[in-house]
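Student: Please pick a single part of this model and take a close look at it. Then set that part against the rest of the chain, with the cut-offs behind each term spelled out.

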Amino acid sequence: MTGTETTSTQDLSEQAARLRLAVNRMARRLRQEGNTELGPASIAALASIERSGPLTPSELARIEAIQRPTATRILGRLAELGLVTRTADPSDGRCSIVQITGDGRRTLNRLRKRKTAFLARKLRTLSDDDVATLARAAEILEQVLEEDRS
């Protein structure tokens, strides 16, 4: 399709539904490949703490778009597993600061490596053109997601 062609609303809706299904199925399959006792919300929280930490539970809740009690529950589990540490907030003794531990980083790295290896195995079965198409699709999805952040 060229830039001058138009796509009907129904066609776009059908493509959006198909893309949503494919992305969700791939995400589910990658979670399964991770093979961990941590659920998706805990893994996402741990990754956010790695990327943006140290954080307060309220900051984590805002980043993850979850309720503060949910963030507190997730952080309790991550702390039990030794993946994060909690220390008193020097500016507010009622609050804590959470940061990732070495074990937390190793856990995330292990999960990422497993998932990447699975995807690399799948990509090796595709043609060079298909791999290039998926690489371009990844760029486009990254752009779409970045626009949402702005």
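Tutor: A residue is called buried when its relative accessible area is under 20%, exposed when that area is over 50%, and partly exposed in between, with a 1.4 Å probe and with protein chains only. The model is a predicted one, in which local features need pLDDT of at least 70 and side-chain atom pairs count only at pLDDT 80 or more, while totals for chains, interfaces and linings use all residues. Residues are numbered from 1 along each chain as its sequence is written, and side-chain values use heavy atoms, with hydrogens and water left out.

Ser96 sits in strand β2, where strands are DSSP runs of E with at least two residues, helices are runs of H or I with at least four, and both are numbered from the N terminus. Setting aside neighbours within four places in sequence, Ser96 makes contact (heavy atoms within 4.5 Å) with Leu55, Thr56 and Pro57, and also with Arg86, Thr87, Ala88 and Asp89. Strand β2 covers residues 92–100 and has the lowest confidence in the chain, with a mean pLDDT of 88, whereas helix α4 (residues 68–80) has the highest, at 96. The pLDDT is the predictor's confidence in each residue, on a scale from 0 to 100; for the chain its mean is 91, and 95% of the residues reach 70 or more.

Gly53 and Pro54 are joined by a cis peptide bond with omega about -5 degrees, and Pro54 belongs to the loop between α2 (40–52) and α3 (57–64). Ala65, although not a glycine, has a positive phi of about 55 degrees; its place is the loop between α3 and α4, and its relative accessible area of 69% makes it exposed.

Helix α3 also contains Glu64, which is partly exposed at a relative accessible area of 22% and which, apart from residues up to four places away in sequence, touches Ala44, Ala45 and Ser48. From Glu64 to Asn35 the C-alpha distance is 22 Å, across 29 residues of sequence. Asn35 lies in the loop between α1 (9–34) and α2 and is exposed, at 61% relative accessibility. Between the C-alpha atoms of Asn35 and Asp92 there are 38 Å, with 57 residues separating the two along the chain.

Along the principal axes, the C-alpha atoms fill a box of roughly 60 × 35 × 20 Å. Of the 150 residues, 22% count as buried. Among contacts with a separation of 6 or more, 49% are between residues 24 or more positions apart.
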